[in-house]
Amino acid sequence: MPDYGALVEYVARALVTKPEMVQVSSQTVEDGTVKVLVEVDSDDIGRMIGRRGATINAIRQVVRAAAVKSSERVDVDVRED
């Protein structure tokens, strides 16, 4: 299984202004879906999501494309506090 968390972390650190604050966690749930949760500084949430969700949707597409070969389902979410 590829490390989807590392892929998301690499992209997220390149996007935000405080890359040291990026934290990514991943877990596999009962149905086999890999859930990746990204936490960034509150000032960088807008950068991660983008206008109308364009940036986070692009990240999701990249991760889904990486999961095609292994036939896995991957969900990426940004934690907003």
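**Exercise 1.** In this predicted model, find how Asp44 and Arg47 interact through their side chains, and state how exposed each residue is.

*Solution.* Step 1: a salt bridge joins the side chains of Asp44 and Arg47, with an N to O distance of 4.0 Å. Step 2: Asp44 has 1% relative accessibility and is therefore buried, since the cut-off for buried is under 20%. Step 3: Arg47, at 46%, is partly exposed.

**Exercise 2.** Work out where Glu9 and Arg13 sit relative to each other in helix α1.

*Solution.* Step 1: the two residues are four apart in helix α1, so about one helical turn separates them. Step 2: Glu9 and Arg13 form a salt bridge whose closest N and O atoms are 2.8 Å apart. Step 3: Glu9 is partly exposed at 26% relative accessibility, and Arg13 is partly exposed at 32%.

**Exercise 3.** Determine which strands the salt bridge between Glu39 and Arg79 connects.

*Solution.* Step 1: the closest N and O atoms of this pair are 3.6 Å apart. Step 3: both Glu39, at 24%, and Arg79, at 38%, are partly exposed.

**Exercise 4.** Identify the residues that touch the most other members of the largest nonpolar core.

*Solution.* Step 1: the core has 18 residues, and Met48, Val74 and Val76 touch the most other members. Step 2: α3 supplies the largest share, four residues. Step 3: beyond four places in sequence, the contacts of Met48 include Ala12, Val38, Ile59 and Val78.

Notes:
Residues numbered from 1 in each chain as written. Predicted model: local features only at pLDDT ≥ 70, side-chain atom pairs only at ≥ 80, totals over all residues. Heavy atoms only, no water. Core = buried A, V, L, I, M, F, W, Y, C linked by side-chain atoms within 4.5 Å. Buried < 20%, exposed > 50% of the residue type's maximum accessible area, 1.4 Å probe, protein only. Contact = heavy atoms within 4.5 Å.
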